[in-house]
Amino acid sequence: MHIVTIGGGNGQSYLLRSLKNLRKNHPSLQLTSIVSMSDDGRTTGKLMKVFDRYLWVHLPPPGDLRRPLYVLSWAENAADLEASMEEILNIDTKLSDLTLRDYIDWLRGISLSRRVEIEKKYESILDKSIPTDAEKVEWYKRWNLLMAWLFSAYDYSLESVMNAMHDILDVDGQVIPVTYDKALIQAITRDGQIIRTQDTISNHPELYTGPIDKLELMDDSKYAKMHPAIPSLTHGADYMIITPGDIYTSIVANFIVDWMKEWIAQHSAKLVLVMNPTNKWWEAEGLSADDCIDILEWYIGRPFDIVLANSLQSSTDGFSDDISVKWGEYIYLSDEMKWILAARWTKLYEADLIDTQHSTYRFDAVKVEKAIGEIVLR
């Protein structure tokens, strides 16, 4: 069985963790992850600005790619690897002073013998560096830096970066950027206001003059095309799962890339939506669960065959402090939408999916694994 997941990096990584667990009992399960490439904020955006300002090169955002890569890694110590992947560095060193030898020394979760193998295999680029003295290593994520370093070492080839990351992390499955091209986004509000870039859409509520009406590629990105290998790498897939994530900036951002909508419309795989348990103020403020389904189906160009939705409401305490929710609220399918889904033969699965011990809204990997297993293995 072959499952393709489509989304951003954060929400998708949680779902992939469940699918990886499911694969332990079903080793023939094949996983392919397609990741949006519109991120330009926080530590990722900081690194992108360095490449743009000093090297005059667009660095494809490494942040969202990083998470699916490490979730699907078969490194010896996955917990240590994940911790190192998320670690933010703040050291008194210039970017140009770091080489692959330094990054190999930082490979926590990977055995010493494996590090020696990596060093030998990548000997030809071992001592290259990012050619700028303009920036110190301050507030960068360790593995974003590695991917940026590889991008520089491989003459700005994202394909070469992804091949190297799959190899270094021993990734079992495929992680694919939705496009190799620049794919920055802008939102158009209902009254015509334009809010440019993902970071601004997500983090600057003062610019909103109304709810989002449309998402599109920015002028310098409007020719972005689907990764050319997606059709061949997903041929014969049984399920395509739209993962949880910010509705516009993580999910819809994939389907405004040229040819993505056409590809998914003609694919024979069953289309599954794992619904967000909450909306998110500003970007999704006021949207109901029903609205989210309608918006996604419009951008994707076909109805869902299956919808998996959370049925458990927990406390909303802490929503205002969490960057992924920001004062959001729980959303549930209305009785009317349930009737509409049934009328068009969309199967609905509702289950308690929340990790109530550690979060107010994040999914529990074991609960989701059980629910997905019931859907795809029945």
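Q: Which residues of strand β9 point one way, and which the other?
A: In this predicted model, Y239 and I241 point one way from strand β9 (residues 239–242), while M240 and I242 point the other way. These residues are all buried.

Q: What makes β1 and β9 paired strands?
A: Two strands pair if there are at least two bridges between them. Strand β1 (residues 2–7) is joined to β9 by four bridges, so the two count as paired, and they run parallel. Within this pairing, Y239 of β9 is the bridge partner of I3.

Q: How many bridges join β9 to strand β10?
A: Four bridges join β9 to strand β10 (residues 270–274), and these strands run parallel. Here Y239 stands opposite K270.

Q: Why is one side of β5 and of β12 left without a neighbour in the sheet?
A: The sheet is open and has seven strands in the order β5-β2-β1-β9-β10-β11-β12, with parallel pairing. β5 (174–177) and β12 (347–351) stand at its edges, and each has a single partner strand, so one side of each has no neighbour in the sheet. Neighbouring strands of this sheet are turned against each other by 20° on average, direction ignored. S33 stands opposite V175 in β5.

Q: Which strands does helix α11 touch where it packs on the sheet?
A: Helix α11 touches β1, β2 and β9, and its direction makes about 115° with that of β1.

Q: Why is V252 called buried?
A: Buried means under 20% relative accessible area. V252, in helix α11 (residues 247–255), has 0% relative accessibility and therefore counts as buried. Not counting residues up to four places away in sequence, V252 touches L215, I247, I295, L296 and Y299. V252 and E297 are 45 residues apart in sequence, and their C-alpha atoms are 9.8 Å apart in space.

Q: How do you know whether T44 is buried or exposed?
A: T44 has 3% relative accessibility, and because the limit for buried is under 20%, T44 counts as buried. T44 lies in helix α2 (residues 42–55). Leaving aside neighbours within four places in sequence, T44 is in contact with D39, P61, P62, G63 and N144.

Q: Why is the pair of F51 and F151 called tilted?
A: Rings pair if their centres lie within 6.5 Å, and planes under 30 degrees apart count as stacked, over 60 as edge-to-face and the rest as tilted. By this rule there are four aromatic pairs. The ring centres of F51 and F151 are 6.3 Å apart and their planes are at 50°, so this pair is tilted. The pair links distant parts of the chain, with F51 in helix α2 and F151 in helix α7 (residues 142–153), 100 residues apart.

Q: What makes F151 and Y156 a tilted pair?
A: Their ring centres are 5.4 Å apart and their planes are at 55°, so this pair is tilted. F51, F151 and Y156 form one aromatic cluster.

Methods:
Residues are numbered from 1 along each chain as its sequence is written. This is a predicted model: local features need pLDDT of at least 70, side-chain atom pairs count only at pLDDT 80 or more; totals for chains, interfaces and linings use all residues. Side-chain values use heavy atoms; hydrogens and water are left out. Buried means under 20% relative accessible area, exposed over 50%, partly exposed in between (1.4 Å probe, protein chains only). Contact means heavy atoms within 4.5 Å. Rings of Phe, Tyr and Trp (its six-membered ring) pair if their centres lie within 6.5 Å; planes under 30 degrees apart count as stacked, over 60 as edge-to-face and the rest as tilted. Axes are lines fitted to C-alpha atoms, for helices over the stretch in contact, and angles run from 0 to 180 degrees between N-to-C directions.
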